[in-house]
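Subject: Structure handover

Hello,

Please find the structure below. My notes on what I found in it follow.

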Amino acid sequence: MKAKHQRLFLALAALVAIIGAGLLAVSALKDEAAYFYTPGDVKTKGVEPGKAIRLGGMVVKGSLKRAADGVTIRFDVTDGKATVPATFSGIAPDLFKEGSGVVAEGAFDGKGTFVATNLLAKHDERYMPRELEGMSYNESTHEMKAER
Amino acid sequence: MRKLWIWLPLALFLAFIGLFASGLFQPDDRIIHSRLVGQPLPAFTLPAGASDRPALASASLANGKPRLLNIFASWCVPCAAEAPQLMALKQAGVEIDAIAIRDARPDVDGFLKRYGNPYARIGLDARSAVQMALGSSGVPETFVIDGQGRIAYQHIGDIRADDVPMILDRLRDAQ
Amino acid sequence: MIAETGLAALWLAASLALLQLLLAFAGLKGGKSELLAAVRPAAVAQGLLTATAFALLIILFLRSDMSVLLVATNSHSMKPWLYKFAGTWGNHEGSMLLWVTVMGVAGAAVALFERALQRDAHMATLGGQAAISLGFYAFLLFSSNPFARIAQPPADGQGLNPLLQDPGLAFHPPTLYLGYVGLSVAFSFAIGALLTRQVDAAFARAMRPWVLAAWVLLTLGITAGSYWAYYELGWGGWWFWDPVENASLMPWLAATALLHSVTVLATRDALRAWTIMLAVIAFSMSMVGTFLVRSGILTSVHAFAVDPTRGSFILALLAIYIGGALALFGWRIGSVREGAPFELVSRETMLVVNNLLLSVILGIVLIGTLYPLMTEAFGHKVSVGAPYFDRIAGPIALALMIALAIGPMVRWRRDGAGAVGKRLLVPAVVGLVAVAVLAAFAWGRIGVLPFLGLVIAVAVGAASIAPLWKRNLLRTPLFTWGMVIAHLGCAVSLAGMACDSAFTVEKLVAARPGDTIQTAGWTLRFIQIMPVAGDNWTALQADMRVDRGGTPVLIRPQSRFFASPPTSTSEAALLTRWDGQLYVVLGEEVEGGRWQLRIWWKPFVTLIWLGGVMIALGGALALVGRERRGWLMKWRARRALA
C-alpha cells in the first residue's frame, strides 16, 4: 500500500510539473504571437516602452540617415497605415536598404522611437520578411497593401 | 486508465503528422506569382534607364517577335549572378528589354559596364510603379512576352545556367 | 564508372537489408536457427556496401567529376580540397547517403559486437534496424539519387554555400549524424524488446553502451555546431534557437533522459515501459528533426533543399516508423510487467525527476519549434524566437541543474532525507559563498538569470565532485569518473553561459586606419585595410594590433565576397585568452574613410564548449569503464572455470 501511495505522489508531482510547464509555454507563446508588430499595430494597439518586440515594415525611402559616430543609423519604418522612427547601432545587414522590407528586434524608448538591437533582412532580395509575405509597398503613395 | 495512457503518444503523434502534412501541402506562398500571366501587359512609358540605350514603352513590346522583359536593379546581387545567362540568351538571338527598379542612371551604367549589357532597351522605374503593375514582387524577375504584348511566362528569381534551355522553350512556345 | 559502382553498391545494400528483414522475421516466426544464422552476415555485408558507396561519392567530389549532377551543383573545381571533401555531405543527397551509411555501419556493429543480448532479441533488433534502413534506402534511390549523371557537364560547377565553406563543417555534420543515427540502434533495441517481450535489467545493460556511444557523438556534434555558429555567423551569439539547432537539441534531450532511465532499469529493474518509450522517442526526434530541416516547411538560416516531394516521402517514413513503433508499444507494453517499485527518497526518484525535467524541456522546445507551423495552419504567420525559449526553458534547465547536484548524493533503493541534507551541506555553503561574492562585486550589474546561473554553476561544480570524496581516486571505477566529469562539464558549461550573458563588454565604433580603440582593458590599434584573396573569394581585411599590457598580437577580421555563388560573409577575428575571447567583426565603410568595427570582450565564454567536451568525455569514460568491467568479469569467470 505504501509503495502505491508513493507512486501516486510521484505521478501527481509529474502531472503538476507538466501542466505547469504547459501553461507557462502557452502563455509565453501568446506573448510571442503578440511579439510581432507593424507600425499600424503600434498606432492602434500601443506598445509600452521597454517591451521587447519585433517591428516589421518597409524602410521609407529618403529616411535613412547615418549619425556622426558612423555606427548609428536612423530610419522610418512604415506599413502604409503608420510610420515609426527607428534607430539602430551596429553593422546593418548587406540587404538593409531604403525601400526594402525589414524586421527589427528591439523596444520603444520613452519618446516613441524604436531602438532596434538587431535587424533581420532576408539574405535574398527575392523575399520579403516572413511576416510581411504577400504584402507590397507602393513607393509613390507610401501605401502597403496585401496582394491577396 | 493505463490503457488510455499507453495510446496517448500514438494519438499525439498522429496529430503532429496531420499538422506536418497540412504544412507540407500548403501552396508555397513565399513566391508570389503575377496574376497577369496570359494577360496583355499594362500600358506604361518609362524614361531611359541607361545613357546608351533607348527608353522603354509597353507599345514597343508588341512588335510581333517574342522577347524577354527582365526586371533588375544595380543594387541586387542575384541580378549580377544572372548576367552571364542573359548574355548567353542574347547570343542565342533573343531580344531582351529591361526595367531597372529603384535605381539611378549612373548606377545602371556602372552595373552594365561591369557585368555586360544584353539589353536592347532599358526603362527606369524609380518608384517600382510599373513593377507593381506587372505583378512582380522582387528582383530579379523575367517575363516572356509574346509578339502581341501578352505575358506568356513569369520567371521569379535569377536565371540559372540550367534554366536557359527552359527559357528558350518558353520563347518558342510563345511564337 | 565510379558513380555506377556506387549506385550498384547502394542497390545491393538495399536488397541485403530486405533479405535481413525477411530472414529475421521468418527465422523468429518459425524458430529456424539456420535462417537466423544468416542475419548477422547480411548486416555486416550491408554495412560494408553502404560504406563503399559513401567512399565512392567522396572520391567523385575530390576528383570534381562534373558529369555527376550532385558534384556539378554543389562543388566547384576551384575549391580547396577540404571543402570538396566536406561538400560531399553539405547537400541533401550526400547527407542522406551519410545517414544510411551510418545506419548500415551501426547495424553491422550491432551484428558484430553485441554479445550481451539474448539471441532472439538480438535477431529482432537486427530485423528492426534493417526495416528502418529499408525506408531510407528507398528514399535515397527513388527520390534523392546522389549518383545521377548529367548529359552536359559544366566546366566548373556551381559551388557551395559560402557559409558552409569552413573547416568546422568538415567535422561537425558527420559527428552529429553519427549521434542522430546512432540512436536508431536504441530504437531497434526497443522494437526487438517489444517483439520478444524481454524488457529487464539484462536488456538495459545490453542497450546502455549503444545509447552512450550515440549520446557522446551527439554531444560533440552539438558542441561543435554551436562553436561554428558562434564564429562563422559573426553575431557573437552561441545558440540561436534556430529550427536546425533545435532539431539537434531535441534528440539530445531525449537521449540524455534515456541514458539516465536505462541506468535505473539496469540497476533496479524499474521504469521498464518508460525506458522503451524514451528509446522510441529519441530516434523519432532525430527523424522529426531531419524532416523539419529537409522538407523546408520551417524557414531557417541553415536550411538547404526545399522540395515537397522529398518532404512527403520523409513524412511517409515518419508515419510508418514512428507510428508503427508507437502502435507496437501500445499493443505490447501491456504484457510487460512493471518492475520493482521504489522509495521516495532514493536515487531512483532523483533520476525520475531528471527524466521529468528533461522531458518537459523537450516538450517546450518541440512546441516552440512547431508553433509557427501550427499557427500557419490557421492562417497566421508567427515566428518563435529566443525570448520564448530563454524565458521558459531557462528556469527549468536551472531546476534540472539543482537536481543534478542532489542526485548523485542520494543512495540507490532507500536513503534518509536528513542524511542527504548533511551531504549537501558543503555544496550549499559553497553556493552561499558564491552568492555573497557575486552580490558584493556585481550586484545590480547582472540579470537575475545569469546571477542564479553563476551561483548554481559553482554549487553544482562542488556537488558534482562529491562522489569522489574520501575515495581512493585510483580505485574509483571509471564510470564513476565519467559521471563526475560529465556533471562537472554541465557546471562548467553553465558557468560559461552565465559569464557570457553577465559580463560581455560590447563596443561599436567607426574608426579610421591609424586610430586606437580602448575597451575592456584591451587596446586595439587599427593599422590598415587591405584587399586579400583566397582560393575562391576576395576580401577586405583589417589589420589590427591588440594588447592589454603585454606583447601586441596581430588580428585580422575580414569581410569576404564569394564569386560562386555570389554572397558576402564576415569572418570574425577571435583572440582566445585563458579568461575569455576577444571577438572582432569588420563592417562596412562609412563616410570619412571610417570602417565599422564591432568588438566584444567575452569573459570565460570558452567554458561553454569546454563544458560540452567534458560532458562528452565523461560519457566516453563511462562507456569504456562499463565495457572494461564486462570484459574483466568474463575473463575472471573463464579463469575460474579453468
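Strands β6 (residues 141-145) and β7 of chain B pair in the antiparallel sense, with 5 bridges between them. In this pairing, Glu141(B) stands opposite Ile156(B) of β7(B). Please keep in mind that this is a predicted model.

The two strands belong to an open sheet of 5 strands in chain B, ordered β5-β4-β3-β6-β7, and its pairing is mixed. β5 and β7 (151-156) of chain B are at the edges and have a single partner strand each, so one side of each has no neighbour in the sheet. From one strand to the next, the twist averages 20 degrees.

Between them, the chain passes through helix α3 (residues 105-115) of chain B, in a β-α-β crossover that is right-handed. Ala100(B) stands opposite Leu124(B) in β5(B).

Is β5(B) buried or exposed? Strand β5 (residues 121-125) of chain B is mostly covered, with 5 of its 5 residues buried. Both of its faces are covered: Arg121(B), Gly123(B) and Asp125(B) lie on one side, and Ile122(B) and Leu124(B) on the other. In a regular strand, side chains alternate between the two faces of the sheet.

On confidence, the model scores ipTM 0.71 and pTM 0.80. Chain C has a mean pLDDT of 86, and 92% of its residues reach 70 or more. Within chain C, the mean is lowest in strand β7 (residues 567-571), at 74, and highest in helix α3 (residues 39-62), at 94. Over residues 299-306 of chain C, pLDDT stays under 50.

Regards

Definitions and conventions. Residues are numbered from 1 along each chain as its sequence is written. Chains are lettered from A and ligands numbered from 1 in the order in which they are written. This is a predicted model: local features need pLDDT of at least 70, side-chain atom pairs count only at pLDDT 80 or more; totals for chains, interfaces and linings use all residues. A residue is buried if 20 or more other C-beta atoms lie within 10 Å of its own, exposed if 12 or fewer, and partly exposed in between; C-beta atoms are placed from the backbone. Helices (H or I, at least four residues) and strands (E, at least two) are DSSP runs, numbered from the N terminus. Two strands pair if DSSP finds at least two bridges between them. A crossover is right-handed if, with the strands pointing away from the viewer, the path from the first strand over the helix to the second runs clockwise. pLDDT is the predictor's confidence in each residue, from 0 to 100. Two residues are in contact if their C-beta atoms, placed from the backbone, lie within 7 Å. Axes are lines fitted to C-alpha atoms, for helices over the stretch in contact, and angles run from 0 to 180 degrees between N-to-C directions.
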